[in-house]
Amino acid sequence: MEMSIQEHNERKAKSYKMLLWFGMMSVVMIFAGLTSAFVISKSRPDWISDLAVPKAFMISTVVLLISSVTFHLAKLSIKKDDRSKTTLFLTATLGLALAFVWLQFSGFNELFNNGLVPTGPDSTITVAFLYAFVIVHVVHLVGGIFALLIIIYNHFKQKYNSTQTLGIELGAMFWHFLDFLWLYLFLFFYFYK
C-alpha cells in the first residue's frame, strides 16, 4: 500500500520536528549544567553579589522578544500565501537578530569598560559565568541566523506557500526556543544574587 504525498510530507515534518526537539533538549542540558555550576560557585570568595546586568542586555531582551513576534507573523503570513508580508517579517526578524548580537557585544563592552573581565587576575567567577552564558547563547543564535538566512533564500526561491511551511515552522520553533532561553538567562542573572 503506497503512502500519499500528503502522508509522506506529514511523516517528514514529524521527523524533522522530533530531531529539532532533541537538539533543543541538548542545548537545555548545556545551560542546565552551566546554571548548576553557577549556583554552586556562589560560595566562592570572588563572588559578586551586586553585579549589575548591562543595560545593553536589557535592551537586547526586548529586541529578541520582538523578533520572536516578527518570526511568528512571517509564519502566519506564509500560511495565508501573503508573500510580501512574509518577506517583510522575515527580513525584520533578521534585522532584529543582528541588532541583538550587536547589543550583546555592546554589553560586553560595557562590562569590560567597568573592569569586569572574564579572565586574568582581575576576573571573578560571576563575571566569567556571565560571559560564558552570553557567548554560548550567541553561538546558538548565530546558528539560528544561518537557518533564518536559508529560510529567506528558500522563500525568495518560492519554496514556501500555504501548503508547504515546514522550513519556516522549524525555524520559528528554534527561534522561539532561543528567545525563551535568553529570557530565562537574563532573568536568572538579573534576580539570582
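Helices (H or I, at least four residues) and strands (E, at least two) are DSSP runs here, numbered from the N terminus. This is a predicted model, in which local features need pLDDT of at least 70 and side-chain atom pairs count only at pLDDT 80 or more, while totals for chains, interfaces and linings use all residues. Residues are numbered from 1 along each chain as its sequence is written, and side-chain values use heavy atoms, with hydrogens and water left out.

The chain has 5 helices and 0 strands, and from the N terminus its elements run α-α-α-α-α. Along the principal axes, the C-alpha atoms fill a box of roughly 65 × 35 × 25 Å. Of the 193 residues in the chain, 44% are buried; buried means under 20% relative accessible area, exposed over 50%, and partly exposed in between (1.4 Å probe, protein chains only). Among the contacts in the chain with a separation of 6 or more, 83% join residues 24 or more positions apart, a contact being heavy atoms within 4.5 Å.

Helix H1 covers residues 5–40, and because each of its 36 residues is counted at 1.5 Å, the helix should span 52 Å, which agrees with the 52 Å between its end C-alpha atoms. The expected span is 1.5 Å times one less than the number of residues. The buried residues of H1 are Ala13, Leu20, Met24, Val27, Phe31, Leu34, Thr35 and Phe38. What covers these residues includes helix H4 (125–156) and helix H5 (166–191).

His140 lies in H4 and is buried, with a relative accessible area of 18%. Leaving aside neighbours within four places in sequence, His140 is in contact with Val27, Ile30, Phe31, Phe174 and Leu178. Val27 and Phe31 are among the buried residues of H1. Thr126 also lies in H4 and is buried, with a relative accessible area of 2%. Not counting residues up to four places away in sequence, Thr126 touches Phe38, Asp46, Trp47, Ile48, Leu51 and Phe189.

The largest nonpolar core has 57 residues, of which Phe57, Phe71, Phe133, Leu141, Trp182 and Phe189 touch the most other members. H1, helix H2 (55–79), helix H3 (83–113), H4 and H5 each supply at least two residues of this core, and the largest share, 15 residues, comes from H5. A nonpolar core is a set of buried Ala, Val, Leu, Ile, Met, Phe, Trp, Tyr and Cys residues joined through side-chain atoms within 4.5 Å. For Phe71, leaving aside neighbours within four places in sequence, the contacts are Leu90, Thr93, Leu148, Ile151, Ile168, Gly171, Ala172 and Trp175.

The next topic is the pockets. On a 1 Å grid over the protein atoms alone, a cavity is a set of points where a 1.4 Å probe fits but cannot get out, and a pocket is an open set with protein on both sides within 12 Å along at least five of seven lines; lining residues have an atom within 4 Å of a point. Grid points are joined across faces, edges and corners, and a volume is the space filled by probe spheres set on the points.

About 230 Å³ of space lies in the largest pocket. Its lining is made of Gln6, Asn9, Glu10, Lys12, Ala13, Lys17, Thr163, Gln164, Thr165, Leu166 and Glu169. H1 gives the largest share of this lining, 6 residues. By class, the lining of the largest pocket has 2 nonpolar, 5 polar and 4 charged residues; Ala, Val, Leu, Ile, Met, Phe, Trp, Tyr, Cys and Pro count as nonpolar, Asp, Glu, Lys and Arg as charged, and the others, Gly among them, as polar.

The second largest pocket has a volume of about 170 Å³. Its lining has 13 residues, of which Ala147, Ile151, Gly167, Leu170 and Gly171 lie nearest the centre. H4 and H5 are the elements that give two or more residues to this lining, and H4 gives the most, with 6 residues. The lining of the second largest pocket divides into 9 nonpolar, 4 polar and no charged residues. Ile151 and Gly171 are also among the contacts of Phe71.

Two loop residues remain. Asp81, in the loop between H2 and H3, has a positive phi of about 60° although it is not a glycine. Asp81 is partly exposed, with a relative accessible area of 42%. Gln158 lies in the loop between H4 and H5, and its phi is near 60°, a positive value in a residue other than glycine. Gln158 is exposed, with a relative accessible area of 57%.
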